[in-house]
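Hi,

Here is the structure I said I would pass on. Have a look at it first, and then read my notes below.

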Amino acid sequence: MIRSRIIATGSYLPERVLSNAELAAQVDTSDEWIVERTGIRQRHVAAEGEFTSDLATEAAKRAMARAGVVPGDIDLIVMATATPDQTFPAAATVVQMKIGIDDCVAFDVAAVCSGFLYALTVADAMLRTGVHRRALVIGAETFSRLLDWEDRGTCVLFGDGAGAVVMVAEEGAGTSADHGVLSSRLHADGRHNQLLFVDGGPGSTGTVGKLRMKGKEVFRHAVNNLSSVMHEALEAAQLSAADVDWVVPHQANLRILEATAKKLGLERDQLIVTVDSHANTSAASVPLALDVAVRDGRVRIGDVLLLEAMGGGFTWGAAVVRW
Ligand code: COA
């Protein structure tokens, strides 16, 4: 059977780093509060004139260079973002143009913080049909532009960044010993739209709007939904938590990461944690964390990775990948 396999990763963070101390000078918060409640110490913020497509293009170019592929090799771009440069065209087509790919399939996926899991699942399915051979799957965001910088309950939590992977179609035996995406499971429950949303849009207010969130309720749902979908994805891959080498989680809050890992009986040091230095970069957070762990040598050939994310909608999902 055909499997989709991630052969390289890349990421990009804007140069500007915004510390908790700087935020505490703007809103009624403190470094101590932010670190204790979230684990976040700093976040990166895009420069004026630096767009989501710029971050995505840089991350994608880095992944392509590591994969040893040229623009003509890519026949599919699936990009997860809630902060495209414009309402349309799809940011994926802007990235396509900036990379210099003349023709391919390119579209965006809107699942907010779960976006990368959704994009990975769509790309995996398209690669497994045999129609596409090499895909770029990207998560990129400039969430700083959606924040109400006077709302201390949200502005301290998010950051900007991009992560990308190159995926290829490859022959596998159809067993859990294969390399590549072994399983993925996605969910959505629109009844919770009002717990995490943006209060504007092209079809309603005609404005971009700002992010609004009921943090405590999101937190509660996150731990339950994530641990249950992680179990589901493992079962679908015919593996158990004991087979997992690394959890590559969405980086929203260190307490969510730790509580979820604990529910699965996983150790704290099996978690890839970047929330301290990146904050929550929405769809970019999983591929950013993956790139960090691949580049620092933690992730090795044959390792079993459990990717997971939850976001506005709610949407949530998990995937099991053998490296
Ligand atoms: N600095 C200082 N105090 C703050 C603050 C900040 N940045 N943000 C909120 N507070 C205050 C609140 O006003 C509240 O004060 P009160 O008790 O006087 O009303 C107090 O801290 C506790 O607020 P609460 O919301 O109960 O804190 P919490 O422990 O739930 O932590 C979050 C808040 C947002 C960090 C946490 O709920 C969270 O991470 N939720 C999930 C968010 C998430 O994952 N979102 C993205 C999903 S993709």
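Predicted model: local features only at pLDDT ≥ 70, side-chain atom pairs only at ≥ 80, totals over all residues.

The protein splits into domain 1, residues 2-171, and domain 2, residues 180-322. Their C-alpha centres sit 14 Å apart, and the contact draws on 52 residues from domain 1 and 50 residues from domain 2.

How much area is buried between domain 1 and domain 2? It comes to about 3900 Å², with carbon and sulfur atoms giving 63% of that.

I have 22 residue pairs in polar contact between the two domains, counting pairs with both residues at pLDDT 80 or more. The count of salt bridges between domain 1 and domain 2 is 2. Do look up Arg212 and Asp148 as well: they form a salt bridge, and their closest N and O atoms are 2.9 Å apart.

Which elements make up the domain 1 side of the contact? At least two residues each come from strands S1 (2-12), S3 (42-45), S6 (134-142) and S7 (160-171), and from helices H2 (31-38), H5 (115-128) and H6 (152-155). Sorted by class, that side of domain 1 has 21 nonpolar, 19 polar and 12 charged residues.

Cheers

Definitions and conventions
Residues numbered from 1 in each chain as written. Heavy atoms only, no water. Domains from an automatic or database assignment. Contact = heavy atoms within 4.5 Å. Buried area = accessible area lost by both parts, 1.4 Å probe. Salt bridge = Lys/Arg side-chain N within 4 Å of Asp/Glu carboxyl O. Polar contact = N/O pair within 3.5 Å; in protein donor to acceptor, adjacent residues only side chain to side chain. Helix = DSSP H or I, 4+ residues; strand = E, 2+ residues; numbered from the N terminus. Nonpolar A, V, L, I, M, F, W, Y, C, P; charged D, E, K, R; others polar.
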